[in-house]
Amino acid sequence: MSTESIAWPSTTGESRSFVDHLHEWITTVDHKRLGILYIVYALVFLVIGGVEATVMRIQLIRPHNDFVSPQVFNRMFTMHGTTMIFFVAMPILFGFANYLIPLMIGARDMAFPRLNAFGFWMTAFGGLLLYFSLVGANGLYGAGNAPDVGWFAYAPLTSQTFSVGHSTDFWTLALLVSGFGSIGTAINIVATVLCLRCPGMTLAKMPLFAWLNLVMAGLVILAVSPLTAAQVMLLLDRYLGAHFFDTQAGGSAVIWMHFFWIFGHPEVYVLVLPAFAFASEIIPVFSRKAIFGYPVMVGATVAIGFISMSVWAHHMFTVGMGANVNTFFVISTMAIAVPTGIKIFNWLATMWGGKIEFKTPMLFCIAFLFQFLIAGLTGVMMSAAPFDWQLGNSYFVVAHFHYVIVGGILFTLFAAFYYWFPKMSGKMYSETLGKLHFWLFLIGFHLTFDFMHIPGLLGMPRRIYTYEPGRGWDTWNSIVTIGVFFQAAGILVFLGNLLWSYYRGKDAGSDPWDAWTLEWSTNSPPPAYNFHLIPTVKSRRPLWDLKHPDDPDWKYE
Amino acid sequence: MLQMRSSMSRFLAQTIVLLFWCAVAVWASEPKGSSPDGTNIFAPASTPAKSIFGLSLFVLAVTGVIFLVVFALLLYCVVKFRKRRNDDGREPPQVYGSNQVELAWTVIPVLIVVALFMATARVIATVQKAARPDNGIEVIAIGHQFWWEYRYPALGVVTANELHVPVSDDSRPTPTFIKLLSADTDHSFWIPRLAGKTDLIPNHPNSMWIDPHETGVYLGQCAQYCGTQHAKMLLRVYVQSQDEFDRWIQEQRQPATVGNAVSQGQRIFETTACINCHTVAGTVANGRFGPDLTHLMSRDTIAAGAAKNTPENLRQWILNPAAIKPGSLMPAMQLSDPELDALTTYLETLR
Amino acid sequence: MNTADLTLPKTELEWRLPSRGRVGMSALIAAEAAIFTIFVVAYLFYVGKSLSGPTPRDVLSPPFFYTFCLLSSSLTIHFASRSLRRWSFRSFGAWWLVTITLGAIFLYGTASEWHRLIYRDGLTISTNLFGTTYYSLVGLHGFHVVVGLACLGTVMVFTLFGAVKQEHAERIDVLSLYWHFVDAVWIVVFTVVYVIGR
């Protein structure tokens, strides 16, 4: 049997042409290859989204700047948000889930490999469709431009009256198409985790990574669907004369907000739960201890999943829903802070009494803990609705959610990259470059997003292409912009590290970190069939049991 | 060596970041807007803003304490439990969990949440269920792309972009109640020093109230993305003494003063498309799409705060609005230079 | 380190997990249920809020016969599935055909109702809020019936070629799950549109 794997050409001696390789990758249904396709796709869009952010920050470096016109700026923030959420964060997290879940649960592939491929290609085409708007959409300002309605596209700004041409339709269709892909992938993850675990791996014994992605998939199924429904309604309004959001016919602009945020809030948990998954796998290994409180971590995850479906209108505190409704969403939002906080404490308790090794993945995880703590606390501030009446829709909110998404999610993603790169490529990355990336990015992140809170506190709303001098916003905006360049430098070092290490890195072996979950028991990179023999497990850390036969986990669990 | 240096430098970096953050918080909390030009949410000048400010101090204190405690624990972990150079290579004792600890750090956050919630619920009720005293002023604010229309129904005044309200004394309050409507897309009315923001949503009337305690000009701007020129939909609220306010009302109620002969500028105004959008009370112009211009010269700014109200800016605005506010819905009027001069002169008479 | 160390003789462990077809289809049904929920919420929210035009009371009459047909098709598909498990292929084919026929009759009913609403009563999706929410909700359901019939039709073609065997019973069951879902949604839609909304 050919030991065909991802990184190396076939060893059977036939030389295969570039077209053959391309064909293999395009038609693949192997979860590892699809995972890598997702990840590479997302990295490309990460750079594009980063350029969009840079353009905005240059425009905002000083008041009344004219680097770009308001029309271009408005397209930038719409595309930046839409790209980063739907074509960077979701694909990259699906990519890691696809790659790792079968390996971690001792399976040979996902439950539905062809559905897997369908999911990836739908996401890919969705992204291309969104960017095709740059040439294909007839917007208000002439031929070819991107949507400019904001990533949450509030009605009635998106109606034909106020969004002439097709740019909004590209937004709608791109998200519809990639939404089907996301739902497909989520169904696949649920079926895989529930149906393909190896013998002995009960739900209580599977890695937290699998649990967190299972709950994430459940949220995708329940939350992306409402967005799909709302998108269909918007298309019906725009093209068949329907009146869902047509305020002139008695329709409601607020109901779009409800439908969008019923998607939008669980969506951020869709993004953050996999980040928690990375942290829950990496922190124990580099602390040399089992995760503290596994059952509580599972319980907290499920609680977060449920509660997250009930907090959505905290994005609408200023909309005028009435005191009683506001009060309900205050309590539900504050409630979700409890299981989230419990997770932070459990990660700390995992590190407590351990022997912490400050390799690059762990550095990123420690920064994640610090930053996610702050992000959670600024979230608690805004959950106090009257405080949100000041902070909402200002740069304080922008700072908060970037703190979560960049400071929390992206940092754990970097940790995940460095942690699993040896497994996926068979090579070790450069630790020096990894640390350089970490420090550059850390400095840039804090320069930008710490100081971004301040203009919000001083009254600066979001989504403005320029601002008035003399309100105390100028200096802070300049500092925020400068941080962007440090982050860009960090990303360049990161990409360079990945490329250099892929071609020149030392062989990593199957278990460079002395870790305990099943993916480290097979080759790096894993063969197409993952495992020679499907393993049987007795505890949550099967490799710990093997390495410590006198002191196995299953005696204590 | 690398590990120890790494952990120490991380400790340093995180502490520096923390100190920075503290310094900044202190800086930011200084009332920047003790001069009336501030938009600092921590410089409240009206009861809603003050209630929010009080709540915010409580919330900041609680979250601040939580942050310090957890950060200290993190720092301690990272320093105390780092792998030493002379490590013996054995795995540390494996601790799988502890029910008591889990209970403790569940119960304590729940109690904190209950306290925060109760404080919050009280302020929501204070602001959103406030009783309406009889001597309040009522204003209807209508959001447009990209300007603000104000109507004082009981006082018979219609104006645009610059809101005038009387100052309110706690002993005998004269609050202003603002009903918020929209003529097109979503907007949001935000004057940080006077109140939290409330949105203007078509087919969904909202209301808010302010009772400013000091006279002066309070600044803000639209806080819900409403289209191309969302950024320049600025707000100016003039808080005046009761006498000044009454005088302003009287002036605003007058129709436009028209000279004996209809000037050339007025003729241009009334025969080009201006009257399709604009109203000048007492003349044939009664368009509703754009701002009411009857007392244009009583305002400090034009184009919803995008430019100062000077003859040059006014002329430029009519000649080419895109030079001041690209994407605004005012069309360039394609007038010749003499026509522009005459028109500007006419507009200058609308005091 | 290789996984050979981690395996145990198969006889030592009884290991049963749910079938991935059922789990996958259930997850799909959950997603579809969420989509329908949003349309139902929109329908209920807009009841009575149309500014003009025909109202439900004016133009709607509950389609009892067509509803009966659709709901019976759940029963007939169950019989078909049972027949297949018992190797009665003829019986399976017959019940399957009846199911398709009943579904088609239901679609005809929807189509004729829409024809009447559009041409006699002047109600379209753009007439008013009632029209918007009615056509979108009933239409979304009808679309799912069409997709279901396409799948059922495909199986019918395979059956006529003799390609459907007893070992396919599990897949037939998974497909029936979808069909039962379509029927359950109709119960909800019927209640919301013809009972509550009128």
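What does the pLDDT of chain B average, and what share of the residues score at least 70? In this predicted model, chain B averages 90, and 89% of the residues score at least 70.

**View 1. Confidence along the elements of chain B.** Helix 1 of chain B, residues 2–29, has the lowest mean pLDDT among the elements of that chain, at 59. Strand 6 of chain B, residues 187–189, has the highest, at 98.

View 2. Residues 1–5 of chain B have pLDDT below 50. Beyond near neighbours in sequence, this stretch has 5 contacts in the model. Residues 29–36 of chain B also have pLDDT below 50. That stretch has 18 contacts beyond near neighbours in sequence. Where pLDDT is low, predicted coordinates should not be read in detail.

**View 3. The contact of chain A with chain B.** Chain A contributes 80 residues and chain B 86. On the side of chain A, the elements giving two or more residues include helix 3 (70–105), helix 8 (294–308), helix 10 (360–383) and helix 13 (431–451). Helix 9 of chain A gives the most, with 16 residues. The chain A side divides into 49 nonpolar, 23 polar and 8 charged residues.

**View 4. The contact of chain A with chain C.** Here 43 residues come from chain A and 35 from chain C. Helix 5 (167–195), helix 6 (208–240), helix 7 (253–287) and helix 16 (542–547) of chain A each supply at least two residues to the chain A side. Helix 6 of chain A gives the most, with 10 residues. By residue class, the chain A side holds 29 nonpolar, 12 polar and 2 charged.

Methods: Residues numbered from 1 in each chain as written. Chains lettered and ligands numbered in written order. Predicted model: local features only at pLDDT ≥ 70, side-chain atom pairs only at ≥ 80, totals over all residues. pLDDT = per-residue confidence, 0-100. Helix = DSSP H or I, 4+ residues; strand = E, 2+ residues; numbered from the N terminus. Contact = placed C-beta atoms within 7 Å. Nonpolar A, V, L, I, M, F, W, Y, C, P; charged D, E, K, R; others polar.
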